Amino acid sequence: MGRPGLNRRQLLAGMGGLTVAGSFGFAALGTGADALASGADTRVRYWNLFSGGDGYNMISMLDSFRAANPGIDVKDSTLQWGNPFYTKLAMAAAGNRAPDLGVMHMGRVTGFSPGRLLDAWDAGLLAKYGVREEDYNPALWNRGVIDGKLYALPLDIHVQLCFYRKDVLKKADLLGDDGRMIPVTSTTEWFDVLKRARKAQKKGLQTIGLWTNDQNFQWWFFVAFYTQLGGTWFDDTDTEVTFDTDKATEVLEFLRRHVTDGYVIPGAPTGEQFVNGAPFTWEGNWSVPVFSGAELDYGATPLPPVFGEQATHAESHAFVLPHQAGRGGAANEAAHRLAAYIVRHAQQWAAGGHIPAHTPTLSTDAYKELEPQNEYVSAMDHQATEPKVWFAGSTGVLAQDLGPVVVSSTMGSAEPDAVARRMKSRLTTLLASKNPMDGRTAAQGGAVA
């Protein structure tokens, strides 16, 4: 791409100093030089951030790949979720110690200096192992395309959902003939639903879990409803802020009303309350195994389209190729093969609540039988995502900056209209800021799909 290289020292300086290396344990990053597994002639070093149920599912999928491909030894490492993971991955790529394959949240790819810290995928190799662009939702595929090249291969989308207790909603006459929650298409209808559900619920519980004091969840909810209103962030050249403070105020007032009208108990454990009988909770789809494990009679839909247009917040786990000098050869081909295998065999991944990105999987009988996954699979077609700029993405600067101010509005310590103006001011500052990975502003980043 004609960009100068970025060495480890430059990267650390840009991220705030050489102390970052020690604080995140960079010295522990190895080269995978131990002996190959018996019968293998190629190794793939693979870093991921999957723990808990996700980690269990990923390990099982890797074991299936190993059984099907005995000539490839997969050395997988699970690192700490969030910024520690991204810091380690960036330093490894800058220092030419990167793994052959990694996982990132799609929203972080633009900020990861594609072409310098990430290598592009070989479309021919992916096709060889059964993964093609036409097997993807176009909007999702294009999120991983930077300057005409694919830098992120989507594995899934994970979305914010409206979980509901069927037993409570049945008492409130809020279930349709299909046994699912009645449609909601306006804020008036939504608050009427909450009012009716509150009359049918157990005493002492909140009506809905909304994570009112969590900056990440409040930010995700804001992105969803602001997108429903048709709100935009920046112009096509990423040089001008187009954030609509009137629309933002409308969303902030909507979120706040859940507290002022008494439907939420601020600080209450949302998942625990739902298990104990609260009618609703808004959670990520990763809560599906928890609620299913509790043997609840429940359903889950995308966040209600209260502002008319369907849109629910979505992020994606995606496979990436961390930069290696002279990438190629057997290990690189094996990395393509491994990523393609997991993408095409994501039925087990779906059990964790995630929506597989590989659309042929969604049409299988096995997937259609999954509940409540089959109820919210439509979220694939109306994803509300953060803008495609270097400071966006899971645990990124944008969420860290704007999430707390959304919380301040929801919790009542700041007025919604004042918060909306503050958000626009912060967006203006961020748009002019330089990415510490490569010293380029959003307008200079060349991130075009």
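The 40 positive and 47 negative charges of the protein have mean positions that lie 5 Å apart. Here Lys and Arg count as positive and Asp and Glu as negative, with His and the chain ends not counted; each charge is placed at NZ of Lys, CZ of Arg, CG of Asp or CD of Glu. The model is a predicted one, in which local features need pLDDT of at least 70 and side-chain atom pairs count only at pLDDT 80 or more, while totals for chains, interfaces and linings use all residues. Residues are numbered from 1 along each chain as its sequence is written, and side-chain values use heavy atoms, with hydrogens and water left out.

The overall form may be considered next. The C-alpha trace spans about 65 × 50 × 40 Å along its principal axes. The radius of gyration, taken over C-alpha atoms, is 22 Å, which agrees with the value near 22 Å for a compact globule of 449 residues; the globule rule is 2.2 Å times the number of residues to the power 0.38. The accessible surface amounts to about 17600 Å², and carbon and sulfur atoms account for 49% of this area, as computed by the Shrake-Rupley method with a 1.4 Å probe. Of the 449 residues, 56% are buried, where buried means under 20% relative accessible area, exposed over 50%, and partly exposed in between (1.4 Å probe, protein chains only). Of the contacts (heavy atoms within 4.5 Å) between residues at least 6 apart in sequence, 78% connect residues at least 24 apart.

The protein contains 19 helices and 15 strands, which are DSSP runs numbered from the N terminus (helices H or I, at least four residues; strands E, at least two).

Most residues other than glycine have a negative phi, and most peptide bonds are trans. Asn96, in the loop between helix 4 (83–94) and strand 3 (101–105), has a positive phi near 55°. Asn96 counts as partly exposed because its relative accessibility is 47%. Asp173, between helix 7 (166–171) and helix 8 (187–200), also has a positive phi, near 55°, and counts as exposed at 56% relative accessibility. Finally, Glu371 and Pro372 are joined by a cis peptide bond with omega of about 5°; Pro372 lies in the loop between helix 16 (365–368) and helix 17 (373–376).
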